[in-house]
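Please examine the sequence and the structure shown below.

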Amino acid sequence: MAPAWDSLGSEYELSSSVVVGDVDCTVEQALCGDHGIRGYPTIKYFTAETGKEGADYQGGRSFEDLNKFVKDTLEVKCDPNDPVGCDERELGYIEKQKTKSAEDIAAQITRLEGMMGSSMKPELKKWVVQRLNILKGLSAPAGGKEEL
């Protein structure tokens, strides 16, 4: 699996929305324990939907399987600063939010983050995540990445 994982890391090394990393649980035992790692190798992914706990990846271990999962599930396709991958709904939302003050955008981020813990239909949750990504893109310094 290591060659597929290394290839995945190379594929996304310049991505603004995907970070591929690894942890040696024989060294970082506390970190691995905090995230419920009990067997090796374990693949976890982290999104706004999974929160800080993350979720276990259950798919195939080939580069093709991993890459498909990243493209379909993890990669942020709509960047408000380069809206090539944005759909009509997202473009409309970007235009509406561009006129807002930094305080208004921050308030929207707080509101939407608060909604993430609520029970909602998958399509609504996806739209909440899309809006959060757009707002965070609009509030981030140009060319900057948000650090965890």
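Is Tyr93 buried or exposed? In this predicted model, Tyr93 has a relative accessibility of 10% and therefore counts as buried, since the cut-off for burial is under 20%. Its ring pairs with that of Trp127: the centres are 5.7 Å apart and the planes stand at 70 degrees, so the arrangement is edge-to-face. The pair links distant parts of the chain, with Tyr93 in helix α4 and Trp127 in helix α6, 34 residues apart. Trp127 is likewise buried, at a relative accessible area of 9%, and Arg89 lies over the face of Trp127, at 4.0 Å from the ring centre.

Nonpolar side chains tend to be buried together in soluble globular proteins. In the largest nonpolar core, which has 14 residues, Tyr93, Leu112, Leu132 and Leu135 touch the most other members. Two or more residues come from each of α4 (88–98), α5 (102–115) and α6 (122–139), and α6 gives the most, with six residues. Beyond its neighbours within four places in sequence, Leu112 is in contact with Tyr93, Val128, Arg131, Leu132 and Leu135. A second, separate core comprises 13 residues, including Val18, Ile43, Ala55 and Leu74.

The structure contains three aromatic pairs. One of them joins Tyr57 and Phe69 edge-to-face, at 4.9 Å centre to centre and 65 degrees between the planes. Tyr57 lies in the loop between β2 (55–56) and α3 (63–74), whereas Phe69 lies in helix α3, twelve residues apart. Together with Tyr45, these two residues form one aromatic cluster.

A further backbone feature is the cis peptide bond from Tyr40 to Pro41, with omega near -5 degrees. Pro41 is located in the loop between α2 (29–34) and β1 (44–45).

Definitions and conventions:
Residues are numbered from 1 along each chain as its sequence is written. This is a predicted model: local features need pLDDT of at least 70, side-chain atom pairs count only at pLDDT 80 or more; totals for chains, interfaces and linings use all residues. Side-chain values use heavy atoms; hydrogens and water are left out. Helices (H or I, at least four residues) and strands (E, at least two) are DSSP runs, numbered from the N terminus. A nonpolar core is a set of buried Ala, Val, Leu, Ile, Met, Phe, Trp, Tyr and Cys residues joined through side-chain atoms within 4.5 Å. Buried means under 20% relative accessible area, exposed over 50%, partly exposed in between (1.4 Å probe, protein chains only). Contact means heavy atoms within 4.5 Å. Rings of Phe, Tyr and Trp (its six-membered ring) pair if their centres lie within 6.5 Å; planes under 30 degrees apart count as stacked, over 60 as edge-to-face and the rest as tilted. A charge sits over a ring if NZ of Lys or CZ of Arg is within 6 Å of the ring centre and within 35 degrees of the ring normal.
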